[in-house]
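This report describes a single protein model.

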Amino acid sequence: LNVWARREDVADVESWLYMYNASATLTFYPSTASGFFVKGGGGVAYLDTDLEAFDRVFELELGRGPGWVVGAGYDIPLSRRVALTPAVNVWGGRIG
């Protein structure tokens, strides 16, 4: 599950924009001797906003549609059962 949020205040209106992506991923390790991996997957993307004005909150769903995620990283073993994993992921979706 990935979430991105941004807050904007314009005049007396506070607004939040939210993007969500819920995806199942498949992780592939090209070599068993290395901690390097790549991953990809798909799921659902959502976009909505909350507006707060005049002591009321208005929630608007702006859309949903297919979502995707791709990424890569490297597992650095710290012990037999624990690893530090720096990784980069890119996710997005097509909101319908």
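## Surroundings of G35

In this predicted model, G35 makes contact with Y29, G73, Y74 and D75, once its neighbours within four places in sequence are set aside.

G35 is located in the loop that joins strand 2 to strand 3, the latter spanning residues 36–53.

## Fold and overall dimensions

The protein contains seven strands and zero helices. Read from the N terminus, its elements follow the order β-β-β-β-β-β-β. The radius of gyration is 18 Å, whereas the globule rule gives 12 Å for 96 residues; the value for the protein is well over that figure, so the protein is more spread out than a compact globule.

Along the principal axes, the C-alpha atoms occupy a box of roughly 60 × 30 × 20 Å. Among contacts with a separation of 6 or more, 47% are between residues 24 or more positions apart.

## Burial, surface and charge

Of the 96 residues in the protein, 20% count as buried. The accessible surface amounts to about 7100 Å², and carbon and sulfur atoms contribute 58% of this area.

The protein carries 8 positive and 11 negative charges. The mean position of the positive charges lies 15 Å from that of the negative charges.

N21 belongs to strand 2, which covers residues 13–28. How accessible is N21, and is this residue buried or exposed? N21 has a relative accessible area of 0% and is therefore buried.

What lies around the side chain of N21? A polar atom of that side chain is 3.2 Å from the backbone oxygen of W68. W68 is also found in the list of residues in contact with N21, which leaves aside neighbours within four places in sequence.

## Summary of the two sites

G35 is placed in the loop between strand 2 and strand 3, while N21 lies within strand 2.

Technical notes
Residues are numbered from 1 along each chain as its sequence is written. This is a predicted model: local features need pLDDT of at least 70, side-chain atom pairs count only at pLDDT 80 or more; totals for chains, interfaces and linings use all residues. Side-chain values use heavy atoms; hydrogens and water are left out. Helices (H or I, at least four residues) and strands (E, at least two) are DSSP runs, numbered from the N terminus. Buried means under 20% relative accessible area, exposed over 50%, partly exposed in between (1.4 Å probe, protein chains only). A polar contact is a pair of N or O atoms within 3.5 Å; within protein, one must be able to donate a hydrogen and the other to accept it, and residues adjacent in sequence count only if both atoms are side-chain atoms. Contact means heavy atoms within 4.5 Å. The radius of gyration is taken over C-alpha atoms; the globule rule is 2.2 Å times the number of residues to the power 0.38. Accessible areas come from the Shrake-Rupley method with a 1.4 Å probe; for residues, only the protein chains shown count as cover. Lys and Arg count as positive and Asp and Glu as negative; His and the chain ends are not counted. The place of a charge is taken as NZ of Lys, CZ of Arg, CG of Asp or CD of Glu.
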